Amino acid sequence: MAQSLELLLIQFLMPDNDARRQAEDQIKRLAKDPQVVPALVHHLRTAKTPNVRQLAAVLLRKKITGHWGKLSPQLRQLVKQSLIESITVEHSPPVRRASANVVSIIAKYAVPAGEWPDLLPFLFQCSQSAQEEHREVALILFSSLTETIGNSFRPYFADLQSLLLKCLQDETSNRVRVAALKAVGSFLEFTHDEAEIVWFENLRQAADSSNLTPSVITVIKFRDFIPSILNVSRQCLASGDEDVAVIAFEIFDELIESPAPLLGESVKSIVQFSLEVCASPNLESNTRHQAIQIISWLARYKSSSLKKYKLVGPILQIMCPLLAESTNRDEDDDLAPDRAAAEVIDTMALNLSKQVFPPVFEFASLSSQNANPKFREASVTALGVISEGCLELMKDKLGPVLHIVLGALRDPEQMVRGAASFALGQFAEHLQPEIVSHHEIVLPCFLNAVEDASDEVKEKSYYALAAFCENMGEEILPFLDPLMGKLLGALQSSPRNLQETCMSAIGSVASAAEQAFVPYAERVLELMKIFMVLTNDEDLRARARATELAGIVAMSVGRARMEPILPAFIEAAIAGFGLEFSELREYTHGFFSNVAELLDDGFTQYLPHVVPLAFSSCNLDDGSAVDVDDSDEDENVNGFGGVSSDDEAHDEPRVRNISVRTGVLDEKAAATQALGLFALHTKSSYAPYIEETLKILVRHATYFHEDVRLQAIISLKYILTAMQAVFQNHNEGIAKTKEVLDTVMNIYIKTMSEDDDKEVVAQACMSIADIIKDLGYMAVEPYMPRLVEGTLVLLREESTCQQIESDSELDEDDTEHDEVLMDAVSDLLPAFAKALGTQFAPIFSQLYEPLMKFAKQSRPPQDRTMVVATLAEVAQHMGEIDVLETGTMFQAVMHLVLKELGSPEATNRRNAAFCAGELCKNGGNSVLKYYTDVLNRLYPLFGESEPDNAVRDNAAGAVARMIMAHPESIPLNQVLPVFLQVLPLKEDYEESNSVYGCICNLVLSSNSQILSFVPQLVNIFAQVAASSVENPEVKVHIGRAFSHLISLYGHQMQPLLGNLSPAHANALAAIAPKS
């Protein structure tokens, strides 16, 4: 075999393709015989040309696993010995590397079995050799062996670390230093295994308690490598060997992503090196991109270290100017420094908002005046990318920020105007509702921008306008006609891509304008009919947008106007489903969702047509593709790769990338949402589809992407609503409804602690709260222990979605309010209280401490007001509180409330006032000792120094509750003048029942103190009677009180009534009971 194999190897390396194919077929046949192993070993050692020797090693690597067990002990020994010789005496580096790869494969089986005891000692000896080649190949072998027999290195970890450190500092050979760098990367990748991290953490804890010897403690000191890694990388960059320097960034990537504290102060030197590379325009785009990514990972995973070592400022000093770097747009946009820098700044803003906003705002302010248009563009780009992370800080500075961006929208340079439009879109998305209050200066700018000479600026302006108007209401009305004039004109004359974004803008305008949009609806819908029958591939995205817009317009103009003309649109939407365009199917599901909401039970007729379409989207294959890298550089010698490997089943491939067709994800999310809305609006008519829908929702509740999970969590609640409607009058349906409730609650409870997305968990909490309110305590009683436990986990911030990967402890002084999650979690406590009443007390005692953690002075104001609002609602729903039993708990709550009444934040004062009233109302006689303090703290909220009407209304509500609970303990002669002067209520009409109920009760009981204010009372009563927003129950109560005043004072009331306007007098007369 040996002679014929040698000829075949030579033939395979010939340029003649036919000869190559023939040789490959022959080699495949011979490779099935175990004797191919000694034959290949022979050629590895004796072939005259390096190419043949390398090819023999590559083939040996491919076939050795399948044949190793069939070889005699003598042959195995021969193979091992020959490989060692090849490594030590071979002159060709590629052949040495190929031989090392074979050693790695054999070692996987031989070392654990004890059949190669001298391999590791040989490698350590080789690494100390005076010959550069030996040191290099030993390091190459350490790299590959780490992947196959990493566990066998455990006893040698400390020695191996010392060896790698020494080789990184090799003074005579750059090749050795580079090989050591690669070996460090492999070693780190092995120890990054999850089990290893636990092991490292245990070592660290043991080291902290001084139970380990110094030699063992060094195992976890990866940071010792960092100075040498940086030195090698700098040398490689200086010599133009950038590919090797990139390995350093891959090592840093591993260290950063580890939850173990592997970096320490080394973060400073890593950042410094990365910034040097970022700021070097002469380096390759990929190299700079890798450096920028390291900064991004640090911002994501080690943000507290960046703050601790004061690195945020130095990073932004490099990143912000990078936004202005000119790039060749022919190169890969993803590698462009300006784009990568924007991503870093965005990530930093999300994780370090307080440290990021001041320097970025300063950069934007200065750069907005720069003569270089790239810097003016960078100024508004920077503000746009930080708007999500720094939203609270930007809201406080919205005036100056808008001054910069709106100025840029008028810039003579297109690139600046385009960036300004992008920034405004980001503001509209993230700075709500404050941004809408600036509509009078923003909308005129939009009116100009949508007529910009540049299509790019127009497109971004339509996007920004769509986001801005989405949250508007009647404020849009003065601008409605000019906006629609320009948008309708653009819709009919623009290229397709602009028509698509223009339709989004029209949809937002329609949503904001509601019934006022009716004059434009007919024209818009006529145009949509044209778009909704387009079938060319390049037109399908526009058809999708048109389908969406038709649904939005339908919602705006109402059922009466739309129902007669809907069939044509529904027919077009269903027809579009067959065009195999995922985005069109996604928007079609959204259209059907809107129509279901519009028609309610009238949508039943369409269920047989649309539900199967939603099912088909939900059951689509995800189109996920895993890109597997099982190649080896040595196996591609002259394109050799046709001989299959026997060890493919044994070697774990490296997964390089996982890609998912995002269109399918969006389609699934829209279909999942649609199924829930169909069930909600058609209720009992949805019965035939409930079983299949439930199966899909259960599956989607654990789907890998959070968008689909979120819609499943929402829709599960709607399915429960439909089940109740189906079986509301059927005893036999109780068991079925209970079964569905059990399924839904188990999913929600599991989601609370195990889902990794905060928005999904928040939605589960809100759905649970709704179910408790809808079904009452008896329905959820079996789940209460687990619900309480899940709530505790969230309040302690210990759930999966709250885990923070960081190498240093969380700085509580720098915590930001978790609006998405914690506001939803805090809604659970009032829901529990409402269901259980006073029986909630023992459960509340468990939740109290974790909740009050959010009320610490070090927490942000939003956390504290969340606590106060929660306590207020709990007190409201529990009813009478035993202050003596709750003792120090009640005292701490009252202390918090009194403090928050003086908060600089209006929301905090408002919630504190509401809470104070509820505590006084439900605290019994034991609360009377706090009355004077509460009244003193409430008093400033009634004065002119209080700028917020809602705060004043809640203060009035608190005083009303105090009077009703203990009128004898309130100095009415002092309190009533202050109390009455702020009435009628201006904003928070939920306080109406308490406030006017208190006044009416005092009047009806002929309280002498209240009767001294009859002129004021008549004026207040008249304004309430004429109000369009006050509820009828309040007006009835006021009518009775007014009649009582008439009965007491008769004709003396006539002058007072004469002073009223006719509208007020008539309104008051209308609510007075007829005698």
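Ala912 is found in helix α47 (residues 906-922). Helices here are DSSP runs of H or I of at least four residues, strands are runs of E of at least two, and both are numbered from the N terminus. Ala912 counts as buried because its relative accessibility is 0%. Buried means under 20% relative accessible area, exposed over 50%, and partly exposed in between (1.4 Å probe, protein chains only).

Glu900 sits twelve residues from Ala912 in sequence, and their C-alpha atoms are 5.8 Å apart. With neighbours within four places in sequence left aside, Ala912 is in contact (heavy atoms within 4.5 Å) with Val868, Val897, Glu900 and Leu901.

## Basis of the model

This model is predicted: local features need pLDDT of at least 70, side-chain atom pairs count only at pLDDT 80 or more, and totals for chains, interfaces and linings use all residues. Residues are numbered from 1 along each chain as its sequence is written, and side-chain values use heavy atoms, without hydrogens and water.

## The largest nonpolar core

A nonpolar core is a set of buried Ala, Val, Leu, Ile, Met, Phe, Trp, Tyr and Cys residues joined through side-chain atoms within 4.5 Å. The largest one has 371 residues. Phe252 and Phe979 have the most contacts inside it. Helix α37 (residues 706-727) gives the most to this core: eleven residues.

Sequence neighbours within four places aside, Phe252 is in contact with Ile226, Ile229, Leu230, Ile270, Phe273 and Ile294.

Residues 401-439 are 67% helix and 0% strand, with end C-alpha atoms 14 Å apart. For residues 442-477, the span is 67% helix and 0% strand, and the end C-alpha atoms lie 14 Å apart.
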